Structures are given as C-alpha cells and as structure tokens.
Amino acid sequence: MKFLYHPDRKHISLAGVLYAMGDPVRLEMVRRLATKGEHCCADFDFAIAKSTMSNHFKILRETGVISTRKEGTLHINILRQEDLDALFPGLLDAVLRSAQPLICKEKEHIT
C-alpha cells in the first residue's frame, strides 16, 4: 500500500496553503469540499487528465489543505478546515468567499 503524506499541523505553512489554493482547479476542489463535505477522487469529474487530477490532490494533501484516507480502492478527501482555521484564522473563509465557482461545468475543459 502506498503511503500518503500528510503534514502535521505544525508543518503547514501559509505559503504552502496559498500556493495550493492559487490554482483555479485546486481552488474549486477546496470550494466543493468546503460546501459539500468529503468526496472521493472520482467525484471530481473535471475534463482534465487523471494524472493531472492526481497531482492536484497531492499538492493539496502535501501542503496540509486536505486529508485523504483510503477505503478499499477509493481515496476519500476531506478539507482540513479545523487545522487551517487554527493556524490562519479567517483565511479559508475569506478565500472561499472571494472565490468564484468555475464557469466551466464538469466534463468541459477547465482553464
């Protein structure tokens, strides 16, 4: 079984979190996790390569924005909202309030 790295709360940096949420696709992923709760990877059905989606999940996970757990063959993702709010009070709410949902619908190309 492949190990999935998750940083401890004390190793989550503001620069890393801002970098992770600076990409429109990753920001949309965070927005969906914040509004709809946990999702498996397959629920994010954007029209981009599977390897690109995997890389987005890895960046979000390794910067401490999300946590991923395995359930059988599924990878379930959840926003680390409690950790982010404790480290950077109000940041996540401010970013999500100002974030516009992607205009492109699922199965369309995301720019």
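Leu-79 touches Val-30, Leu-33, Ala-34, Val-65, Ile-66, Leu-84 and Leu-92, leaving aside residues up to four places away in sequence; contact here means heavy atoms within 4.5 Å. This is a predicted model, where local features need pLDDT of at least 70, side-chain atom pairs count only at pLDDT 80 or more, and totals for chains, interfaces and linings use all residues. Residues are numbered from 1 along each chain as its sequence is written, and side-chain values use heavy atoms, with hydrogens and water left out.

**Nonpolar core**
- The largest nonpolar core has 24 residues, and Met-29, Val-30, Val-65 and Leu-79 have the most contacts inside it.
- Helix H2 (24–36) is among the helices that each supply at least two residues of this core, and H2 gives the most, with five residues.
- Such a core is a set of buried Ala, Val, Leu, Ile, Met, Phe, Trp, Tyr and Cys residues joined through side-chain atoms within 4.5 Å.
- Buried means under 20% relative accessible area, exposed over 50%, and partly exposed in between (1.4 Å probe, protein chains only).
- Helices (H or I, at least four residues) and strands (E, at least two) are DSSP runs, numbered from the N terminus.

**Around His-75**
- His-75 sits in strand S3 (residues 74–79) and is partly exposed, at a relative accessible area of 27%.
- Beyond residues up to four places away in sequence, His-75 touches several residues, including Leu-4, Cys-40 and Cys-41.

**Cysteines**
- Cys-40 is buried at 13% relative accessibility, whereas Cys-41 is partly exposed at 26%.
- The sulfur of Cys-40 has its closest cysteine sulfur in Cys-41, 6.9 Å away, so the two are too far for a bond.
- With a disulfide defined as a pair of cysteine sulfur atoms within 2.5 Å, the count is zero.
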